[in-house]
Amino acid sequence: MAGSIIRTDGWHGYSDLTAMGYRHNALTLGGDPEKAEKHLPMIHLVFSNLKTWINGTHHGRIEPRHLQAYLNEFVFRFNRRFYPMNSFNSILGISARTVPPTYAQLYSGEWTHAA
């Protein structure tokens, strides 16, 4: 949302955030893990878990057009990692009231995964 504060490292790819209406709080970390943990807490844990999940579950092979679905599943699992039965109950409830896409819709590109 415009006006939100976005905290990042000093990578040049984030330079347009201010022009897009965000407040950009950048810090060049220079490979300092203590600085990274203070500025971006838990980020290394999240990305490490994401990479491990992709390389383990998906054997490192993900389809770019389904990236949002992969990330949605990862976030769902990560946010419930300490309560596995809540995950099961949540997914059971979600699946009971959701209409899934057909195979044709999924691969035609007409269906988009909810963010």
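What volume does the second largest pocket have? It comes to about 240 Å³, in a predicted model where local features need pLDDT of at least 70, side-chain atom pairs count only at pLDDT 80 or more, and totals for chains, interfaces and linings use all residues. Residues are numbered from 1 along each chain as its sequence is written, and side-chain values use heavy atoms, leaving out hydrogens and water.

**View 1. The lining of the second largest pocket.** Here a pocket is an open set of points on a 1 Å grid where a 1.4 Å probe fits, with protein on both sides within 12 Å along at least five of seven lines, and lining residues have an atom within 4 Å of a point. The lining includes Arg-7, Tyr-14, His-44 and Phe-47. Both β1 (5-9) and α2 (43-57) supply at least two lining residues each; helices (H or I) are DSSP runs of at least four residues, strands (E) of at least two.

**View 2. Where α2 meets α3.** The axes, lines fitted to C-alpha atoms over the stretch in contact (heavy atoms within 4.5 Å), come within 11 Å and cross at roughly 120°. Trp-53 is one of the α2 residues here, and Phe-74 one of those from α3.

Definitions and conventions:
Points joined across faces, edges and corners; volume = space filled by probe spheres on them. Axes fitted to C-alpha atoms, helices over the stretch in contact; angles between N-to-C directions.
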